[in-house]
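This report describes a structure through its sheet, its helices and a few single residues. The sequence and model are shown first.

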Amino acid sequence: MSKSILLTGGSGLLGGHLTKALLAKGYTVSHLSRKAGNNDKVKTFIWDINKGTIDEHCIDGVDTIVHLAGSGIAEKRWTDARKKDLIDSRVKSIGMIYDVLRYQKHQVTSVISASGVGYYSDRGNELMYETNAPTGDFISRCCVLWEAAVDEGEKLGMQVLKFRTGVVLDKYGGALPTLAQPIKLFVGSPIGSGKQWVPWIHWQDVVNMYLLGIENKNLSGVYNMVAPNPVTNKQLTQAVAKQLHKPLWAPNVPGFVLKLLLGEMSSIVLGSTKVSAQKIEDAGFKFKFTNLEAALSAIYGS
């Protein structure tokens with residue numbers, strides 16, 4: 001069993017949860033980061049993706065690399081410069097690690113990477129499986145390039161596993177606080193038609209799925225990282241409002257308003273992606289939260 005893990009994106013919310021879980025299980029964890037870390041149990045190696053610099057000692061003694069790095073998809077408007085950053089922060093970053101692996105002696109046997117359900121993009125009511133083809137829009141192209149860059153590890157003899165991640169529910173970051181804020185202010189409402197599918201997953205299940213990937217050496221290829229019961233934007237909004245004991249009386253936010261505010265990025269919230277969790281369940285993964293209400297109740301601690 002691998003015992004030494006190198007994590008990219010380790011200082012992010014998810015990276016923090018995963019680091020904690022790995023340390024609790026007795027793993028040695030190191031991070032590749034732009035700046036020094038503040039956890040004395042974790043050694044941090046420095047890299048700069050824009051400059052193409054990386055501390056080559058980051059792979060010393062490592063068995064498994066978990067690649068979570070990537071600029072936040074919904075943090076800033078998608079200008080051309082931002083799009084380049086969204087792609088480079090995922091694609092160039094793993095390429096830099098592979099460059100080190102090509103020329104250094106190492107014992108890395110597997111690479112586990114995040115990807116996104118954005119791979120499928122907006123597909124209406126059709127249920128998406130791992131075998132479905134991508135579309136041609138930006139977010140889908142970004143995921144295709146990301147996965148292709150990660151797959152280069154196979155040429156180096158690595159076992160490669162990719163998780164197409166849905167909307168991770170966590171009250172400390174990501175989509176949930178953004179959704180909850182207007183609800184707390186009594187102006188929450190569904191977005192667009194409200195009928196678009198949201199492929200959600202509780203952060204704890206995300207962490208557990210990464211742990212399964214690290215511990216189960218038979219897992220490779222691509223898996224959807226979503227809970228088994230997708231909900232619509234309207235159902236999600238209503239469930240959060242119920243959890244926060246707030247009424248929803250405001251009318252739906254019209255799609256055209258979001259397009260004006262967010263530009264192309266509005267496709268993230270207006271697009272409908274219904275995603276199957278069947279393959280990872282067939283591989284033996286047991287979800288802790290299959291039901292949205294239970295997931296939100298655990299998150300908000302009621």
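## A bridge pair and its strands

Ser 33 stands opposite Ile 46 in β3. Strand β2 (residues 28–33) and strand β3 (residues 43–48) run parallel and are joined by 4 bridges. Helices (H or I, at least four residues) and strands (E, at least two) are DSSP runs, numbered from the N terminus. Two strands count as paired if DSSP finds at least two bridges between them.

The model is predicted: local features need pLDDT of at least 70, side-chain atom pairs count only at pLDDT 80 or more, and totals for chains, interfaces and linings use all residues. Residues are numbered from 1 along each chain as its sequence is written, and side-chain values use heavy atoms, with hydrogens and water left out.

## The sheet

The open sheet is formed by 8 strands in the order β4-β3-β2-β1-β5-β6-β8-β12, with mixed pairing. At its edges stand β4 (53–54) and β12 (221–225), each with a single partner strand, so one side of each is left without a neighbour in the sheet. Helix α2 packs on this sheet and touches β1 (4–8), β2, β3, β4, β5 (64–67), β6 (110–116) and β8 (159–165). The direction of α2 makes about 165 degrees with that of β5. Such angles run from 0 to 180 degrees between N-to-C directions, the axes being lines fitted to C-alpha atoms, for helices over the stretch in contact.

Strands of a sheet pair through backbone hydrogen bonds, either parallel or antiparallel. Here β6 and β8 run parallel and are joined by 7 bridges, and Ile 112 stands opposite Leu 161 in β8. On the pairing of β8 with β12, the sense is again parallel, over 5 bridges; Phe 163 has Tyr 223 in β12 as its bridge partner. Of the 7 residues of β8, 6 are buried, so the strand is largely enclosed by the rest of the structure. Buried means under 20% relative accessible area, exposed over 50%, and partly exposed in between (1.4 Å probe, protein chains only).

## Ser 93 in helix α2

Ser 93 is placed in helix α2 (residues 80–103). Its relative accessible area is 0%, so Ser 93 is buried. A polar atom of the Ser 93 side chain lies 2.9 Å from the backbone oxygen of Arg 90.

Neighbours within four places in sequence aside, Ser 93 is in contact (heavy atoms within 4.5 Å) with Trp 47, Ile 49, His 67 and Asp 88.

## Helix α1

Helix α1 (residues 13–24) has 12 residues and reaches 17 Å from its first C-alpha to its last, close to the 16 Å expected at 1.5 Å a residue. The expected span is 1.5 Å times one less than the number of residues. Just after α1, Gly 26 takes a positive phi of about 90 degrees.

The buried residues of α1 are Gly 15, His 17, Leu 18, Thr 19 and Leu 22. Their cover includes β1, β2, β5 and α5 (203–215). Gly 16, also in α1, counts as partly exposed because its relative accessibility is 30%. Gly 16 and Val 207 are 191 residues apart in sequence and 9.9 Å apart in space, C-alpha to C-alpha.

Most residues other than glycine have a negative phi. Ser 121 is not a glycine, yet has a positive phi of about 60 degrees. Ser 121 lies in the loop between β6 and β7 (127–128) and is buried, at 7% relative accessibility.

His 245 is likewise not a glycine and has a positive phi of about 55 degrees. The loop that holds His 245 runs between α6 (233–243) and α7 (255–262). His 245 is exposed, because its relative accessible area is 70%. His 245 and His 57 are 188 residues apart in sequence and 51 Å apart in space, C-alpha to C-alpha.

## Cysteines

A disulfide is a covalent bond between the sulfur atoms of two cysteines. With the cut-off for a pair of cysteine sulfur atoms set at within 2.5 Å, the structure holds 0 disulfides. Cys 143 is in no disulfide, and the nearest cysteine sulfur, that of Cys 142, is 5.6 Å away.

Cys 143 counts as buried, at 4% relative accessibility. Cys 58 is buried too, with a relative accessible area of 1%.

How values were computed: A polar contact is a pair of N or O atoms within 3.5 Å; within protein, one must be able to donate a hydrogen and the other to accept it, and residues adjacent in sequence count only if both atoms are side-chain atoms.
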